[in-house]
Amino acid sequence: MFGNAVAVPANSPHLRKSGSRPVVSDLEYLSGTETGNGVDETPLHSREADDLKSTILTMNPTAIVPSPILLWRFKVFLFILWGLFCCKIGWDSVMRMSVDLRDLFLYEAFLYYNPLLLVTMMVWFWGINLWVFSQSNINHAKIFELDQNHLTHREIWKCATWMTIVVPTSMTAYLYLYSHGEVSLAASQPVLLYVAVVMILVFPFEIFYLSSRYFLLRTLWRIVFPLQAITFADFFVADILTSMSKVFSDLERSVCRMIHRQVATIAWFEADSVCGSHSVAIPVVLVLPYLFRLFQCLRQYKDTGEKTTLLNALKYSTAVPVIFLSALKYHVFPDRWTNFYRPLWLLSSVLNSSYSFYWDVKRDWDLSTFTRIFKFNRPHFFSHLLYGRKWVYIWVLGSNLILRCTWTYKLSAHLRHNYLTVFTITALEIFRRFQWIFFRVENEWNKMNSKTNIQITSSNLPTEEDKLLNSSNHSV
């Protein structure tokens with residue numbers, strides 16, 4: 001009863017419904033023979049097999065999907081075409097303005113849009129940082145204590161791409177509408193863009209990378225209110241904010257004009273207005289990132305008792321006189337500024353730049369074990385070009401020193417009349433911070449590995465009890 005299984009023919013009537021065709025194996029079908037009647041139907045079955053194969057190839061979805069390289073090239077082509085279109089529309093719009101108002105017109109447009117353009121630039125650079133970390137042996141997720149849902153460099157670049165599309169598009173619409181007399185519609189463009197950015201950041205639903213947005217907002221909250229122990233992510237982001245203090249200053253002036261309904265109006269001619277270039281709020285907003293970082297250092301000293309944190313706090317305090325002495329130019333007599341406050345401003349600028357450069361090289365990067373971060377896990381052109389090359393270190397040290405000195409230009413309110421120069425210097429400072437990130441993160445990774453090795457070594461050392469037990473086993 002429970003013997004061997006009975007072999008049932010493939011075309012057995014017990015395996016099919018009544019009146020249906022016999023079940024024929026693919027091998028028999030494609031060979032052109034039908035086992036039941038012994039009739040050779042090779043030409044017919046061969047033709048049917050060819051038709052079946054062609055149908056399968058036609059229905060295969062991979063046969064109609066373009067290659068990823070071709071799709072990527074098409075996207076790049078559309079991106080470049082869109083960029084040229086925006087440049088053409090923007091140029092024609094500027095040329096429609098009268099010569100005497102053209103420069104002021106561009107100044108106002110830059111005021112509203114250059115903060116978001118610089119933030120977009122920082123996001124692109126952060127994606128490059130993450131790409132290098134992924135190619136090397138640095139686990140940035142462990143350093144920043146990120147969860148498994150953290151954004152990769154591809155997702156960061158996707159966000160940067162959309163920002164690169166949306167911000168210049170809004171700026172182009174502003175230029176076009178303003179130059180064609182649609183002032184009210186033009187004034188609504190930066191307002192809508194700012195509102196959209198805020199809504200995306202605080203949107204409470206599981207879209208637009210909710211966990212990453214929450215991590216960023218929580219970190220910003222911890223920076224503004226350092227009421228807890230300072231993590232690496234806290235002071236790392238706070239350091240980046242010091243490089244973007246000009247961004248926050250322009251954001252404050254832009255939002256001020258939006259609130260007072262001065263967008264696309266003649267109010268921006270008045271430097272002494274509530275939102276003008278002589279406003280007291282400008283140096284206050286400029287100094288806030290440095291004060292946040294100063295309070296973080298004091299909090300670290302309270303938690304750890306390390307005196308180096310006090311020296312770090314002193315470094316950030318040197319930026320305060322640079323900012324406020326420069327702002328005094330608009331609130332004191334010209335002779336008083338030239339003979340007394342300007343020399344103090346120059347002295348404080350030299351002190352701040354020198355101290356910051358020393359701290360970058362000696363403390364943040366640890367020159368004694370200077371970085372070799374460009375060693376990738378797999379053979380790569382950039383690794384071969386950069387890893388261990390002396391010119392890399394010379395370039396980083398020289399560019400960091402020069403850009404530390406030029407950064408003082410941005411912190412000085414009395415030198416902000418040339419908005420294109422200030423925008424360029426701010427962009428260069430963001431580039432300096434982009435370089436700084438590589439070496440600062442790698443230095444932190446080396447510290448974490450050295451602590452781990454010390455703990456492993458100490459755990460392997462025998463205790464006094466183990467020594468006594470081992471000594472009792474010796475034969476005397």
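Predicted model: local features only at pLDDT ≥ 70, side-chain atom pairs only at ≥ 80, totals over all residues.
How many residues apart are R440 and E444 in helix α17? They are four residues apart, which means about one helical turn separates them.

The side chains of R440 and E444 meet in a salt bridge, with 3.5 Å from N to O. Both R440 and E444 are buried. Other salt bridges share partners and join D360, R404, E429 and R432 into one network.

Why can such pairs form? Side chains of opposite charge can pair when their charged atoms come close. Across the whole structure, a search finds ten salt bridges.

One of them links R222 and D234, whose closest N and O atoms are 2.8 Å apart. R222 sits in helix α8 (residues 210-224) and D234 in helix α9 (residues 232-243), so this pair ties together parts twelve residues apart in sequence. D234 has a relative accessible area of 1%, so it counts as buried.

Now look at helix α11 (residues 281-304). Both R299 and D303 lie there, four residues apart, about one turn of the helix. They form a salt bridge, with the closest N and O atoms 3.1 Å apart. D303 is partly exposed, because its relative accessibility is 37%.

K447 belongs to helix α17. At 36% relative accessibility, K447 is partly exposed.

Technical notes: Residues numbered from 1 in each chain as written. Heavy atoms only, no water. Helix = DSSP H or I, 4+ residues; strand = E, 2+ residues; numbered from the N terminus. Buried < 20%, exposed > 50% of the residue type's maximum accessible area, 1.4 Å probe, protein only. Salt bridge = Lys/Arg side-chain N within 4 Å of Asp/Glu carboxyl O.
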